[in-house]
Amino acid sequence: MCGIVGYIGPKQAAQFLIEGLKKLEYRGYDSAGIAVYDGSKINVEKSVGRLNVLEKKVEQIAPKGHVGIGHTRWATHGRPSDANSHPHTDCSGNFVVVHNGIIENYLHLKEKLIAKGHVFTSETDTEVLAHLVEEHYQGDFEAAVKKVLADVEGSYAMVFLSNYEPDKIICSKQDNPLVIGLGDGENFVASDIPAIINRTRKTYILSDGEMAIVTKDSVWVMNRQGVPVSKKVFEVHWDAEAAEKGGYEHFMIKEIYEQPKAIRETTAGRLAKDDSSIIFDELKWTKDDVAAIRKITIVACGTAYHAGIVGKYYLEQLARIPVEVDVASEFRYRSPLVDDKTLAIVISQSGETLDTLAALKEAKKLGARTLAITNVVGSSIAREADQVIYTQAGPEIAVASTKAYTTQLIGLLMVALYFAAFKGTLPEERIQAIIRGLKQLPSQAHEILEDVEAIKTFAKEYGFNEDVFFIGRSLDYAVALEGSLKLKEISYIHAEAYAAGELKHGTLALIIEGVPVIALATQRDVYEKTLSNIKEVKARDAVVIGIGMQGDEEIKKYVDHTILIPVTDKYLAPILAVIPLQLLAYYAAVTRGADVDKPRNLAKSVTVE
Ligand code: M6R
């Protein structure tokens, strides 16, 4: 997982490379580097650490040149260090490469290259690419890169530059994203659109196995065999501002506050005006298709996995279809019982998470129909799945996922209602009530966001505790899982979520005086039982913050503090209840001085296994 950029044109390449890398830092940020051709040779600058270290270096050196490539890294092979930073060069310094992904057969290739006399200077898998192109070069850069592509196994987006033919950049991709920005007398290469939208809105999105020769005036796309591929221009309609912080201190808080808009846009055009049904123009299901689904398997990672757990409640309770939820990295290795009567739903904000993509491919191989719920148009997962529902959350830059989660829940709920209508498992009035509730959600989310003072106070008060517990039953338990992940990943507080009824089977031993317990109690059908569990932790002198619905006077008797969300349907409560938990995690991280948008050891898009 890394970010890649490239530039060729009349301007100073280094300027775009740094600007583009800044927009891609969410893809990795343990080191960065650029390579610029100065008219006679390629000069490489790279450093371990955040991009600003490289930026300062580049400001001093001011590399001149009109073609260059750059990289921001998240370490996979070899620790973060100057030597392991990209770009990597061959022995002669005539070829440089940046790469995102993993070359699985790199050790075998490296041994062969060393035997032929190549000298390696890093521990990375990427460096073999530079030596391979050197090895294959016989006066034709393009032909040499084609041979490299034939040699390597694994996943990659890679971009090459050579002293021999500095009028072009050559790039290719397999299982990792790569876009080409089409300018006027200049062209750009990047892992992701935010890197180029300030320069151009016209792009080619490369598909797996494609290779492109990019000059300042032309872009030639072909498959690995060299057969030309005609590409459609993909016009980006995002607002450039949308990828910026827009006045907030961090992307995470900006994205938390964008949730009313993200919810509105995700439901836009999909809720019938008379509240009678869900409209999915993009889905082509018939009554018979839905009746044929014997099982749904939901596969995802991290926050998207937690959305999947909520989705299980939705699909089982509303559409009465059995659902399994798997962590994507486990799915492939447990011989899953999946066949042509299974619907595999994969959930991924980025659409690029390698484990989720691999699980999707596995489910397809086993015969399942596949449906992706993703936020990124044209992403690998979107392209691989049979059908796609896009959440309309807009770019999510903060590593901690927030608006993607709430919109994923909405996507799943709409799918459950859509299937329920085909299956006749819900009375019409029930469908209408939930749809009416969905229409109120943006203003209710806004209401929560208008009143955050109490949450800020709790964050200050408990932000330095070592441990925090989250408890809840049913859908509240699913939300508790997400609340604890949010707190862990950005504030580094040890946080655990438990099904409230499970505490007495072990975890209760950890509840001692003063330990904060966040108790979710929004689900009326298990409300009394949740209150009993709250009493259990109170009896052990825990400090309890109860999360209920407005008008709940009962909960106040048993907890130390309360946060009340607007009254809503039980299936919509998770979407509102998670917002105070996101805010709590955010303000706890700020209180502790943590790097909110770039938590240690994490990256936004995990494109390695
Ligand atoms: O892009 P994806 O939704 O596939 O990403 C999955 C996880 O890596 C992601 O949700 C991760 O858990 C977030 N950091 C959580 O905030």
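Predicted model: local features only at pLDDT ≥ 70, side-chain atom pairs only at ≥ 80, totals over all residues.
1. Start with K486: an N or O atom in its side chain is 3.0 Å from an oxygen atom of the ligand. T353 has a side-chain N or O atom 2.4 Å from a ligand oxygen, and for S348 a polar side-chain atom lies 2.6 Å from one.

2. Residues are numbered from 1 along each chain as its sequence is written, and side-chain values use heavy atoms, with hydrogens and water left out.

3. Now look around the ligand. There are 13 residues around it, and S348, Q349, S350, T353 and E489 come nearest; a residue is near if one of its heavy atoms lies within 4 Å. By class, this shell has four nonpolar, seven polar and two charged residues. Here Ala, Val, Leu, Ile, Met, Phe, Trp, Tyr, Cys and Pro count as nonpolar, Asp, Glu, Lys and Arg as charged, and the others, Gly among them, as polar.

4. Which element gives the largest share of the shell around the ligand? That is α9, with three residues. Helices are DSSP runs (H or I, at least four residues), numbered from the N terminus.

Terms used
Polar contact = N/O pair within 3.5 Å; in protein donor to acceptor, adjacent residues only side chain to side chain. Helix = DSSP H or I, 4+ residues; strand = E, 2+ residues; numbered from the N terminus.
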